[in-house]
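Please keep the sequence and the 3D view at hand while reading.

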Amino acid sequence: MIFAINEINRNPDMLPNVTLGYRIYGDCGTMDILRAALALVSGVKEEVRDNNCTKVETVQAILGHSGSRPTIAFQKVVGGFHIPVISHFATCACLSNRKQYPTFFRTIPSDYYQSRALAKLVRVFSWNWIGAIAVNNYYGRNGINAFIQSAQEYGVCIEYSESFSSSGPPENLQRIITIIKHATSRVIVAFMTHREIKLLAAELYKQNITGLQFVGSEAWITDHSLTDSEGHSILEGSLGFVASRAEIPGLGEHLRRLHPSQFPHSQFVRDFWEETFDCSLNESADTQRKPCSGSESLQNVESQFTDVSELRFTNNVYKSVYAAAHALDNLIKCEDGKGPFASGSCADPEHIQPWQVVQYLSTVNFTTGEGERVYFDKNGDSPARYELINLQTANKGTMKGVTVGRYDASLPESHQFIMNNVPVVWGNGLTEEAPVSVCSERCLQGTRKVLQKGRPVCCYDCIPCPAGEISNSTDSIDCMKCTPEYWSNGQRDACIPKTIEFLAYDEILGKLLAAFSLLGLFLTMITTLVFYCNIETPLVRANNSELSFLLLFSLTLCFLCSLTFIGRPSEWSCMLRHTAFGITFVLCISCVLGKTIVVLMAFRATLPGRNMMKWFGPAQQRISVLVFTLIQVVICILWLTINPPFPFRNMYLYEDRIILECALGSAVGFWAVLGYIGLLAMLCFVLAFLARKLPNNFNEAKLITFSMLIFCAVWITFIPAYVSSPGKFTVAVEIFAILASSFGLLFCIFLPKCFIIIFRPEQNTKKHIMGKTSNNDIHY
């Protein structure tokens with residue numbers, strides 16, 4: 001302060017024809033500080049030099065105090081007299097309250113900014129589960145409350161928040177030690193002074209509690225006395241923000257010119273001089289030290305007093321003096337009509353009032369020789385600029401603060417906090433990576449957070465996303481549903497296209513059904529070949545060879561149409577498969593029905609007086625087959641015209657895959673086709689049943705009855721199986737029904753005849769076929 005005042009007084013451009021004077025109150029304790037404040041507002045009676053001030057009682061500004069609590073106490077006294085107070089170290093956020101402290105200014109940032117900076121520091125290192133300990137006074141409580149509020153805005157949770165005082169009962173400290181011992185958080189934010197942190201570190205050291213990462217406030221993070229305390233190694237690796245380091249040209253030389261003769265009444269100077277040179281300034285005192293010679297000098301002495309390499313809070317004092325000087329300079333140099341008071345008036349330099357100095361301090365704005373801009377906001381606070389300090393062990397077991405980052409609240413949010421490229425020593429003794437202090441580990445992609453009941457939001461469980469939902473970021477709160485055509489992968493971190501499923505030739509079921517279809521086709525062609533080679537034999541001729549060949553042709557088509565149900569459905573294949581199936585089966589049943597009618601007519605024609613065969617000869621048989629088939633053709637044409645089958649992507653039957661199937665289009669058309677086939681089959685079954693008691697040698701009716709029984713049984717069971725089968729199995733059921741009924745007709749009607757033709761040729765004679773029963777002489 002003295003250096004800055006002398007520097008200003010020597011500057012001809014500042015305060016011309018005006019000399020700044022000062023009065024130093026060096027007493028400690030709140031009561032002594034209050035007495036000093038009362039003395040100031042009552043009028044100064046003593047000065048350092050004569051003729052310093054134009055008026056003896058005038059006090060234009062008060063510099064100090066360094067503590068928040070005494071500042072709060074005396075600010076309430078001097079504030080009523082509108083005397084400005086400029087502090088270099090009182091950081092309590094409460095002092096920013098302009099209603100309570102309208103004349104308070106400071107060149108150190110408020111704890112509000114320090115608290116936000118600490119909260120951002122905690123967030124940068126992903127510490128979301130921490131403990132908080134404060135000194136039990138204005139400074140500690142307000143600072144830690146501001147920190148907790150800011151930390152919670154950043155999503156940081158506080159496991160515990162405690163406070164104690166160095167003058168409080170020891171039980172409070174022991175209780176806090178127990179809490180730390182059983183806590184799961186490994187990071188502690190300590191908003192306290194050097195006295196409390198030394199007590200805390202010593203007790204932690206005694207109980208061998210290690211592995212803690214301390215984040216400290218500026219009140220203790222660079223205090224030189226930490227090394228002298230027991231257990232200071234506990235604090236190694238601590239991080240904290242402090243005022244930016246600066247250089248003050250000429251201050252080092254000024255300090256080295258210090259001599260006791262300049263301050264004969266200063267106890268501090270006397271003690272410092274005697275300790276530094278191991279001599280005594282008081283010759284009459286009973287001491288073991290030799291008397292000082294008077295030639296001692298600090299020019300070649302290295303001590304904390306002469307060390308100007310770490311000017312942090314010292315620079316705040318320097319700026320405080322210059323702020324007051326610039327305010328007074330602006331006041332004196334005011335031009336009428338441009339002043340800050342009513343009608344642009346200026347203050348009277350011969351009668352300066354303290355409240356006028358407050359007005360000019362509010363608008364002061366200057367830049368120091370080091371390029372630092374100094375001004376005060378509407379609350380009297382300075383810009384928040386900090387250096388991030390890391391306590392690292394230096395030589396001889398001491399600790400030094402190494403700058404590892406910077407924080408500037410005046411910059412945009414994304415650029416406020418910058419880490420330097422300097423290795424950081426962490427509280428757990430490692431330099432490679434920061435310690436982990438979380439309540440719950442991060443939820444990986446594919447999971448979501450579920451809060452644990454009754455615990456803070458930082459404590460949660462990681463639950464895998466359900467099928468069909470994903471989370472593609474860590475710590476996701478919700479899982480996102482995939483769109484209908486997509487499904488979650490196995491890791492639940494991405495949506496992938498659903499598998500499209502249909503009955504294909506390259507799968508086992510498709511291969512089996514295709515093989516049976518080809519087998520049926522092959523057996524039908526063999527049967528046709530056997531009948532064709534024996535077309536003139538009595539057995540083939542007696543079984544109406546024309547209808548038999550037509551029936552074999554329709555069975556061939558039935559086996560072939562089953563193949564259209566296998567493969568990727570398309571618009572044409574969907575229309576073909578159902579219509580081909582309906583028409584070929586009606587053709588097949590029509591042929592069987594024709595054979596059944598022929599058998600009945602042949603039997604009735606042998607009775608006396610009846611000539612039934614003339615009404616159902618070959619021409620009528622062809623017409624009946626044609627008419628029955630044309631009716632089905634008309635039904636299929638109407639179906640295809642009105643609402644034909646079409647390929648359909650069924651995304652609702654299964655969640656994880658898409659079934660590509662043929663939608664019926666018109667359900668009425670489909671069931672009309674099946675119903676017509678069932679009607680003909682039932683008619684054929686009834687007629688064959690009526691002809692079951694024909695002579696044994698002619699067993700065509702029995703074979704037709706049995707084949708129709710199988711046919712009807714297959715298609716009756718088909719209906720519930722078709723309705724209940726999912727996905728591609730619906731198609732498989734339909735193919736199975738086609739193949740089963742086709743094989744039933746082929747085996748029941750043609751297998752016995754082929755057996756006789758191939759293996760029993762002696763029975764393939766007209767005599768055998770026209771054999772007599774025991775009571776009748778019937779000829780066919």
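The text below covers aromatic pairs, then one cluster, then charges over rings.

**Aromatic pairs**

The model is predicted. Searching the whole structure gives 26 aromatic pairs. One of them joins Tyr112 and Tyr113 in an edge-to-face arrangement, with 5.2 Å centre to centre and 80 degrees between the planes. Tyr112 is partly exposed, at 39% relative accessible area. Tyr113 is also partly exposed, at 23%.

Tyr386 and Tyr407 make a tilted pair. Tyr386 is buried, with 1% relative accessibility. Tyr407 is buried too, at 5%. Both values count as buried because the cut-off is under 20% relative accessible area.

**A cluster**

Tyr386 and Tyr407 also belong to one aromatic cluster, together with Phe241 and Phe417.

**Charges over rings**

Which residues lie over the face of a tyrosine ring? Lys449 and Arg657 do, and the table gives the ring and the distance for each.

| Charged residue | Ring | Distance from the ring centre |
|---|---|---|
| Lys449 | Tyr460 | 4.7 Å |
| Arg657 | Tyr654 | 3.7 Å |

Key: Residues are numbered from 1 along each chain as its sequence is written. This is a predicted model: local features need pLDDT of at least 70, side-chain atom pairs count only at pLDDT 80 or more; totals for chains, interfaces and linings use all residues. Side-chain values use heavy atoms; hydrogens and water are left out. Rings of Phe, Tyr and Trp (its six-membered ring) pair if their centres lie within 6.5 Å; planes under 30 degrees apart count as stacked, over 60 as edge-to-face and the rest as tilted. Buried means under 20% relative accessible area, exposed over 50%, partly exposed in between (1.4 Å probe, protein chains only). A charge sits over a ring if NZ of Lys or CZ of Arg is within 6 Å of the ring centre and within 35 degrees of the ring normal.
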